[in-house]
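Reader: I'm new to this one and would like to learn how to read it. Could you walk me through some features?

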Amino acid sequence: MDNTRLLLSIALVFIALLLWENWQADYARPVPAAPAQVEQDAPASTKATVPVASDDTLPALTATPPPASPAAQPQTSPDDFSATQVVEVTTDVFNVEIDLRGGGLKAVALTQYPVSNEQAQLPTWLLRVNEDFIFVNQGGLISETEAPTHLQNYQAKAAEYFLDAEMLEVPLTWRSPSGLSVTKTLRFKRGSYEIQVSYQIENGTAAPWQGFHYEQFKKTHESSRQGMVYTFNGAVLSVPDKPFEKFDYDDLQEEPLNVSASGGWVGVMQHYFVSALVPPYAAPVAYRSDTFNDERYLVGFTSAEIMLQPGESATAQTTIYVGPKRHDILPAVAPGLDLTVDYGFLWFIAKPLFIALAWLRELSGNWGWAIVILTLIIKLFFYPLSAAGYRSMAHMRRVQPRLLAIRDRYKDDKTRLNQAMMDLYKEEKINPLGGCLPILIQIPVFIALYWVLLESVEIRQAPFVLWIDDLSEKDPLFVLPLLMGVSMWVQQKLNPAPMDPVQQKVMQLLPWVFTVFFAFFPSGLVLYWVINNVLSIAQQWRITQVIERTS
């Protein structure tokens, strides 16, 4: 068997694996729960339905509240945020705008995560509203009688709050004409991306009150495709029975979420970041979703029923996480939230790679040098297998003149040609597949490292040296892809040349095809491949020299 054909096949398999990974992300859908949904954006004075699960603890509720008082009645459409008033909150990690209509999060900026290295002064806005995009948090209470939904107006004591201690509380108040009062408090903690939200409900009316607490994210649909790169952008649900299920916009359109569970969380994933709603772990809730014709979707939860007699009070609460997908903080927020760092089907290789990279980064002080050192370690780990493969290739190079003679002798008889080649391999004790080992053993590590560099927010905007100021993005000058192409060409020269002229031409083009292919990969990944190629060239050259001298 011609070793060149195997190399070409392996190259195709490698590309096919990347394509398969992207196909899985696009088309492999989880099996959703049974559908049940409603619009949660109708004004409080109109009919509204809250989707809930089928068990008795979360009964279906159809609420038709009476007209609200003029002060509480919203004067704008649900998606018109231009006229709403906000309370601005500044912490050490956040710039937040709280919408007084509903008391939800209208905008959240992460001040420690700039948009880019070139715009280091501009924070990344996760939640925001502009002319063609909406991503907001909404929450409130809903009842058959009266309650502050996310369309009712709260009152605040101040227009601005600043975190100058370990904890900051922002209280918002609402009161109905009949005496129901609600204090919604948002708590911010220094250094934390968690926002604790609580509703203190006091029934000052003369009648019993029944209602539900709900929280939700509403977001404009965004494509998960960014050029040649796929990073999931959509909804995610985690419950004890089914931890971590992803749902894109089409999934939610076909089968809206309707899952009842005690524990878990629901949220929205973006590249490097996640926004999650985490209800109290022991409380039963109904996770649900809805989609809208203008390509917006809604995901959230509804609590079990809250019942208050006159004079009684109760508290409803949740945790909102809006921040980076960091390995060191996500597990403490909610079980399974760290799974939003999605390393794909080779996660069992990717996670140890990240742990090793993080440790090496602590030693070297630079993610780029950590990649270089990790490449050396991986090369040493696979040295015996690589050496066996390079010895096989060196022997193939040594017997190539005899293979060419056999080809000329039996060029019109394929059966005898193949038999003669196999006899030669047997006589020289050569494994024609052995030369493929150095490439085969690198493919899983390569793909796993690809996802580590693509998904780890810790490596986002991490500089290396000189012109490489972001290892998670492509090389802006394309120097590393060119070096990779040259190193592949040098490796090719150390291998036995193909006997077929057509294969020779294909092999000559292969390094430059890969150069173009890798030009759009993260520069950290190309750095790994360049260093790996250089080490492979040194190892292969040494083994070839030894075999040629002893032959």
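Reader: Where does Trp-367 lie?

Author: Trp-367 lies in helix α5; helices (H or I, at least four residues) and strands (E, at least two) are DSSP runs, numbered from the N terminus. Bear in mind that this is a predicted model, where local features need pLDDT of at least 70, side-chain atom pairs count only at pLDDT 80 or more, and totals for chains, interfaces and linings use all residues. Residues are numbered from 1 along each chain as its sequence is written, and side-chain values use heavy atoms, with hydrogens and water left out.

Reader: Is Trp-367 buried or exposed?

Author: Buried means under 20% relative accessible area, exposed means over 50%, and partly exposed is in between (1.4 Å probe, protein chains only). Trp-367 has 9% relative accessibility, so it counts as buried. Also, Trp-367 and Asp-470 are 103 residues apart in sequence, yet 9.9 Å apart in space, C-alpha to C-alpha.

Reader: Which residues make a nonpolar surface patch?

Author: For patches, you take residues with over 30% relative accessible area and no salt bridge, joining like charges within 9 Å and nonpolar side chains (Val, Leu, Ile, Met, Phe, Trp, Tyr) within 5 Å. A salt bridge is a side-chain nitrogen of Lys or Arg within 4 Å of a carboxyl oxygen of Asp or Glu. Here Trp-369, Ile-373 and Ile-377 make a nonpolar patch of about 270 Å². Ile-373 sits in helix α5, which covers residues 367–381, and counts as partly exposed because its relative accessibility is 32%.

Reader: What about strands? How do β21 and β22 pair?

Author: Two strands pair if DSSP finds at least two bridges between them. β21 and strand β22 (residues 296–303) pair in the antiparallel sense over 8 bridges, with Val-285 bridging to Ser-303 in β22. Strand β18 (residues 258–262) also pairs with β21 in the antiparallel sense, over 5 bridges, and there Ser-262 stands opposite Pro-284.

Reader: Why is β21 described as largely enclosed?

Author: Strand β21 (residues 284–292) has 8 of its 9 residues buried, so the rest of the structure largely encloses it.

Reader: And phi? Which residues take a positive value?

Author: Most residues other than glycine have a negative phi. Among the cases here is Glu-295, with a positive phi near 65° in the hairpin of β21 and β22, which has 3 residues between the strands. Gln-461 has a phi near 65° and Phe-478 one near 60°. Gln-461 is in the loop between α10 (442–455) and α11 (479–494), and Phe-478 is found in the loop between α10 and α11 too. Gln-461 is buried at 12% relative accessible area, while Phe-478 is partly exposed at 32%.

Reader: Last one: how many aromatic pairs are there?

Author: Rings of Phe, Tyr and Trp (its six-membered ring) pair if their centres lie within 6.5 Å; planes under 30 degrees apart count as stacked, over 60 as edge-to-face and the rest as tilted. That rule gives 23 aromatic pairs. Take Phe-517 and Phe-518: their ring centres are 6.2 Å apart and their planes are at 65°, so the pair is edge-to-face. Phe-518 is buried, with a relative accessible area of 0%. Ring pairs also link residues into a cluster, including Phe-446, Tyr-450, Phe-517, Phe-518 and Trp-529.

Notes. Areas by Shrake-Rupley, 256 points an atom, 1.4 Å probe, with all protein chains shown as cover.
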